[in-house]
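I opened this notebook to record what I looked up, element by element. The entries follow the order in which I consulted the model.

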Amino acid sequence: MQTMTRRNFIKLCTSALVALGLGRFVPAAAASVRIKYPRQIITKNSATSRTIMWQGDGAREDAAFLLKAPDGSETSFAPEANTLLQDDTTTTFYTVHLEKLQPAAAYQGTITMADEAASLPIVTPPADLNSFTALFIDDSQCGESYEPFANLLGRALRRQPDAAFLADIGDLTDNGQSSWHWDSFLSVLTDSRAKNMPFVPVMGNHECYGLDWQFALPRRYLASFSVPDNGSRNFPGYYYSFDYGPAHFIVLNTQITELDDLKPGLLQEELLWLKHDAASSKKPWNIVLMHKDVIAYDEYQPGTGHAGGISDVGHDFMKTFDALGIDLVLTGHMHTYRNRDHIYNEQPDRRGPVYLMFGPAGNERYTVPPDTTFDKVSLDQSDPNRYRNYMTLTVTPAKLIATCFLEDGSTIDRVTLTK
């Protein structure tokens with residue numbers, strides 16, 4: 001029997017809205033066209049490669065991708081195609097992997113299907129890039145309308161027009177099997193400047209919910225994002241890593257509770273991979289992106305049998321982070337901002353990584369109690385109109401600067417780490 005948490009209560013309320021026909025906001029960019037939601041996905045090395053994806057309704061159609069190089073030469077690619085039937089909807093996902101691109105170059109991509117064409121500019125960073133700023137959002141999931149997410153993303157991108165990439169650290173959508181939720185999210189994403197930069201997806205627990213709000217395999221998430229290969233035969237696409245400038249980013253999967261009965265072995269395999277991957281990194285900074293947080297706050301933890309203190313996910317990963325010398329861990333899930341500073345051996349200690357939790361970018365709001373042991377800076381939750389937030393991360397070989405902003409651009413907190 002599942003415990004009735006605040007999230008389960010919200011799901012019941014949302015299901016009722018949909019049943020009454022009140023949850024059907026149709027995004028402007030979801031018009032009936034062949035080429036839908038063209039996007040760029042992060043690769044292991046963005047200076048020389050890029051993954052291009054788009055999708056179409058129904059079964060596979062003839063499609064092509066034309067890449068025009070800076071010197072004017074053109075190369076045509078036939079995309080891979082993967083068809084998914086879910087939520088009474090057939091969707092085909094098209095993927096093109098671009099390799100051996102020139103660093104610091106501007107390409108022009110064109111997707112063609114039948115009589116339609118869509119352009120996509122592709123700009124690669126320098127091979128020796130030593131500083132950049134990236135944009136991070138979290139919990140972009142929304143209820144009956146994704147307009148709040150569109151508003152936040154638009155404002156964040158206007159303030160950060162030169163962001164190197166955009167990362168969404170889990171719970172991209174409210175329901176992992178709902179075509180409407182995915183169409184709404186991707187419509188917002190690709191109707192913005194975000195389609196002109198690499199996108200970094202992180203799986204959250206809501207990507208592992210079915211239409212009945214029970215745990216389900218994240219088939220739609222996996223089909224939507226062709227992320228860097230992790231070498232796994234059982235869990236391809238569930239976790240991965242990539243380099244950007246002087247940083248190595250490790251994208252972990254924290255959905256152990258949701259997936260263990262459906263597809264066991266994720267945590268054991270992921271921990272082995274994590275140790276090898278982090279040890280192989282030659283970059284000055286090692287940064288972890290994962291959805292669920294390391295502190296439980298008021299959320300019941302099946303592993304510990306209580307709420308509060310270190311979460312199940314924290315017990316799973318934190319001591320490994322200590323051993324590997326991880327510098328920064330960015331999380332979400334609780335829909336608020338908390339700066340816990342350095343934690344080592346599951347206690348406040350300058351020797352450990354810095355743990356920052358932020359979000360939401362969507363319109364679901366929770367009031368989270370403080371943790372007096374770990375919280376150093378907390379978002380004031382008294383104003384219900386000032387809770388959506390996002391983060392920027394500026395990286396140089398000697399410095400990390402993480403800044404959390406409210407939707408209106410005011411600063412919540414800024415953390416600086418130095419080497």
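This is a predicted model: local features need pLDDT of at least 70, side-chain atom pairs count only at pLDDT 80 or more; totals for chains, interfaces and linings use all residues.

**Entry 1. The open sheet.** I looked up the strand order and found 10 strands forming an open sheet, arranged β5-β6-β2-β1-β11-β10-β9-β20-β21-β22. The pairing in this sheet is mixed. Its edge strands are β5 (80-86) and β22 (411-418), each of which pairs on one side only.

Within the order I examined one pair in detail. Strand β2 (residues 50-57) and strand β6 (residues 89-98) are antiparallel and are joined by eight bridges. Here Gln55 stands opposite Phe93 of β6.

**Entry 2. Helices on the sheet.** Which strands does α3 touch? I found that α3 packs on the sheet and touches β1 (36-41), β2, β5, β6, β10 and β11 (198-201). The direction of α3 makes about 65 degrees with that of β1. For α2 I recorded a position across β9 (132-137), β10 (166-168), β20 (389-395) and β21 (399-406). Relative to β9, α2 runs at about 170 degrees.

**Entry 3. α2 against α3.** Two packed helices are described by the angle between their axes and the distance between the axes. For helix α2 (residues 147-159) and helix α3 (residues 179-190) I read an angle of about 20 degrees and axes 10 Å apart. Because angles under 35 degrees count as roughly parallel, α2 is roughly parallel to α3. The crossing of α2 and α3 is right-handed. On the α2 side I listed Phe149, Ala150 and Leu153, which meet Phe185, Val188 and Leu189 in α3. The residues of this contact comprise six nonpolar, no polar and no charged.

**Entry 4. α6 against α7.** I repeated the look-up for helix α6 (residues 266-280) and helix α7 (residues 312-324), which pack at an angle of about 15 degrees with their axes 11 Å apart. That angle makes α6 roughly parallel to α7. The crossing of α6 and α7 is right-handed. From α6 the contact draws on Leu267, Glu270, Leu271, Leu274, Lys275 and Ala278. From α7 it draws on Asp316, Phe317, Thr320, Phe321 and Leu324. How do the residues of the contact of α6 with α7 divide into nonpolar, polar and charged? I recorded seven nonpolar, one polar and three charged.

**Entry 5. Strand β3 and its partners.** In a regular strand the side chains alternate between the two faces of the sheet. I checked strand β3 (residues 64-68) and found Phe65 and Leu67 on a covered face, with Ala64, Leu66 and Lys68 on an uncovered one.

I then traced the pairing of β3. Five bridges join β3 to strand β7 (residues 106-113), and the two run antiparallel. Thr112 in β7 is the bridge partner of Ala64. β3 also pairs with strand β4 (residues 74-77), again in the antiparallel sense, over four bridges. Thr75 in β4 is the bridge partner of Leu67. The hairpin of β3 and β4 has five residues between the strands, and Gly72 there takes a positive phi near 95 degrees.

I continued from β7 to strand β8 (residues 116-123), where eight bridges make an antiparallel pair. Thr110 stands opposite Ser119 in β8. The hairpin of β7 and β8 has two residues between the strands, and Ala114 takes a positive phi near 55 degrees.

**Entry 6. Tyr240.** I located Tyr240 in strand β12 (residues 240-244). Is Tyr240 buried or exposed? Its relative accessible area is 1%, so Tyr240 is buried. Leaving aside neighbours within four places in sequence, Tyr240 is in contact with residues including Ile42, Val200, Pro201, Phe249 and Trp273. Tyr240 and Val288 are 48 residues apart in sequence and 10 Å apart in space, C-alpha to C-alpha.

**Entry 7. Ser178.** I found Ser178 in the loop between β10 and α3. Ser178 has a relative accessible area of 8% and is therefore buried. Leaving aside neighbours within four places in sequence, Ser178 is in contact with Asp87 and Leu211. Ser178 and Thr89 are 89 residues apart in sequence, yet 9.5 Å apart in space, C-alpha to C-alpha.

Conventions:
Residues are numbered from 1 along each chain as its sequence is written. Side-chain values use heavy atoms; hydrogens and water are left out. Axes are lines fitted to C-alpha atoms, for helices over the stretch in contact, and angles run from 0 to 180 degrees between N-to-C directions. Angles under 35 degrees count as roughly parallel, over 145 as roughly antiparallel, 65 to 115 as roughly perpendicular and the rest as oblique. A crossing is left-handed if the near helix is turned anticlockwise from the far one by less than a right angle, and right-handed if clockwise. Contact means heavy atoms within 4.5 Å. Ala, Val, Leu, Ile, Met, Phe, Trp, Tyr, Cys and Pro count as nonpolar, Asp, Glu, Lys and Arg as charged, and the others, Gly among them, as polar. Buried means under 20% relative accessible area, exposed over 50%, partly exposed in between (1.4 Å probe, protein chains only). Two strands pair if DSSP finds at least two bridges between them.
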